[in-house]
Structures are given as structure tokens and as C-alpha cells.
Amino acid sequence: MIHEIDPKKYNPDYISRKICSEDYLLNYESDGILVKREGGIITLPRCSDYQEICGFASKGIIDSAYYLFEISGEFYYEATELPQKIKDNLTFYRKLEELPPEEGGTDREYFYLRIHRFRELDPVFMVFAGATGYHIRNWRRVSTHCGCCGAATVPSETERAFVCTECGYTMYPHIAPAVIVAVTCGDRLLLVKNLHRPKNVRLELVSGYVEVGESFEHAVHREVFEEVGLKVKNVRFYKDQPWGISGAHMIGYVAEVDGDDTVVRQEDEISEAKWYSREEIPEYRNRLSVGSEMILMFKQGKL
């Protein structure tokens, strides 16, 4: 899955450290991430690339970089927003299929790639870094002012947090817990399509955010009943994973239908809900998500 980057090791500890030329420096625009393509390979830009990307503006961008995390001895930072005239020269691609063929040679090129398409690349640790940086970036964007008194905040010098300059209130990263459930009935698995997701999104499992005051298991029962009108039993934990692309933490469960298996979908949320036998489940699944892994494990008779 997206966070399973062995043998690489992720270290989320916040440290005070001077950025170096070989450190990764991530930049985001809307829902896109800045990438470098060279020799047919797409990678994340390092600090040393910003002279080429931004010219004279690179020094200010590098000096104001925000420390993100470490992965196996390599350090990642977030670049502040690039000047508009530089962003205007960087193409934004929403699909990998839109990328033009390389012209050959050893020239490097830089462009923005939608984060949802970036996750389809290799290696997995690079995708994890981009997604986790995106999570932190989105939190930073909404943390510039205090939620209590409205005054400006400043980054903490000792931990990953923002501190109000007036009342001292401390804001930490936002993480939204969500459950995702493989509902089974014998050798059948329930798959759905969410009404609010893009039409090209493949079939997926029932999922939803955990409500205030709710346990994870209670959320499983509630979400399944709300979305497809089913009661479940024998609920068991499968795996959990961070999902920085949406700022969530996904908690995977497996559950058996309890009683009547008639599906009654929530019409304002679910456009399709149907039981599928192992043979009917589509072969291709994205390797990065806990939901996709559970679907694959069920198809293979391992769930």
C-alpha cells in the first residue's frame, strides 16, 4: 500500500535543519505536484533544481522552505508558492496520457502533475512522499490564522504545529479517520460507486468518515446501513493506512452481512451497489490503497 515503502523508513519527527542542495523540495499548485522528467523518468525535484526552475527567485524560495520529513536519510521540504510568472511557464497535466513525448537528449523538463495521477508512478516511496507532503501542505494553508481569536499564527520551532501570536493556541495537523469495509456474503463481495466521485473511478468498497464520539466499529455498522441498507456482523479489523491525498487515515474492516442481503442504496450518495462473485470482480486494482488490497485479497480467496 501507499505507506508500505520497505526497505525505506519514514521518519515524521519535526526537526530544525538547514536545507541542502540534494534535499527534495516539493511544490504544489492546486491539486498538482511539481515533478521533473528526465530520460523518460519522472521524479520529484531537489533543491538544486530550483535554480533552473526559478532563476533568481530560487534563493528566496529555498530560504523559506518548510521542513516536512525524512525517508531513509533523505530529507524533504515544501517550497513556498512560486511566483506567478514562473507558474505560467509550467504546464499542468491532469492525466499521464496528456504528457507529450520527450524530444530526446538529456534535457530536463518540469511540470505539474495532478496528485491523483502522480500516485500511479513508481517507486512507491516517492508517491508516499508526494502524498504526505500534500497532506501537510493543505493543513498549512488553513492554519495561517487562529481558529480561536483570528490572529495570525507562526510555525512552531519545536514541533509540527502553528502557534497563535496573540492567545497562544496551538494547532496540529488535521487527520480525518475513516472506515472502509469489505462486506461479504459467502463468496460474494459488495462493491459500490459513489455518486460524487468521477465517472471513471472503478468499483470500490463502502467507506465513510468517523463521526464525533463514534468508535471505528460503530462507524462500520452505521456507514454500511446508511449507504446500502445492510446490517453486518463478525466485524474484524484488516489493516489501516494514512491517505494523505485526502488528509484521511483509512481503517480497513471485513464484515459479513447479517440477515437479509437485499441492497437498498443511499440514492444521494451511491450511484451503484451490487454483489459480485470472485470471478466477476475486475482484475485490475490499484496497488496503493487498503480498499483495493482487500478487493484483491477477496478475489484471490484470501480474505
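Let's start with a pair of cysteines: the sulfur of Cys149 lies 3.5 Å from that of Cys164, its closest cysteine sulfur, and this is too far for a bond, because a disulfide needs two sulfur atoms within 2.5 Å. Bear in mind as you look that this is a predicted model. Cys149 is also partly exposed, with a relative accessible area of 44%.

Widening the view, a search of the whole structure turns up 0 disulfides. Cys148 is accordingly in none, and the nearest cysteine sulfur to it, in Cys146, sits 4.5 Å away. With a relative accessibility of 56%, Cys148 counts as exposed, because the cut-off for that class is over 50%.

An open sheet is formed by 3 strands in the order 10-11-12, with antiparallel pairing. Strand 10 (153-155) and strand 12 (170-171) are its edges, each pairing on one side only. Strand 10 and strand 11 (residues 162-164) run antiparallel and are joined by 3 bridges. If you follow Pro155 across, you will find its bridge partner in strand 11, namely Phe162.

Our last stop is the second largest pocket, which holds about 420 Å³ of space. Its lining is made up of 19 residues, and those nearest the centre are Tyr10, Thr132, His135, Ile175 and Pro242. Helix 5 (124-141) and strand 17 (248-257) are the elements that contribute two or more residues to this lining. Helix 5 gives the most, with 5 residues.

Note on methods: Residues numbered from 1 in each chain as written. Predicted model: local features only at pLDDT ≥ 70, side-chain atom pairs only at ≥ 80, totals over all residues. Heavy atoms only, no water. 1 Å grid on protein atoms, 1.4 Å probe; cavity = no way out; pocket = protein on both sides within 12 Å on 5 of 7 lines; lining within 4 Å. Points joined across faces, edges and corners; volume = space filled by probe spheres on them. Helix = DSSP H or I, 4+ residues; strand = E, 2+ residues; numbered from the N terminus. Pairing = 2+ DSSP bridges. Buried < 20%, exposed > 50% of the residue type's maximum accessible area, 1.4 Å probe, protein only.
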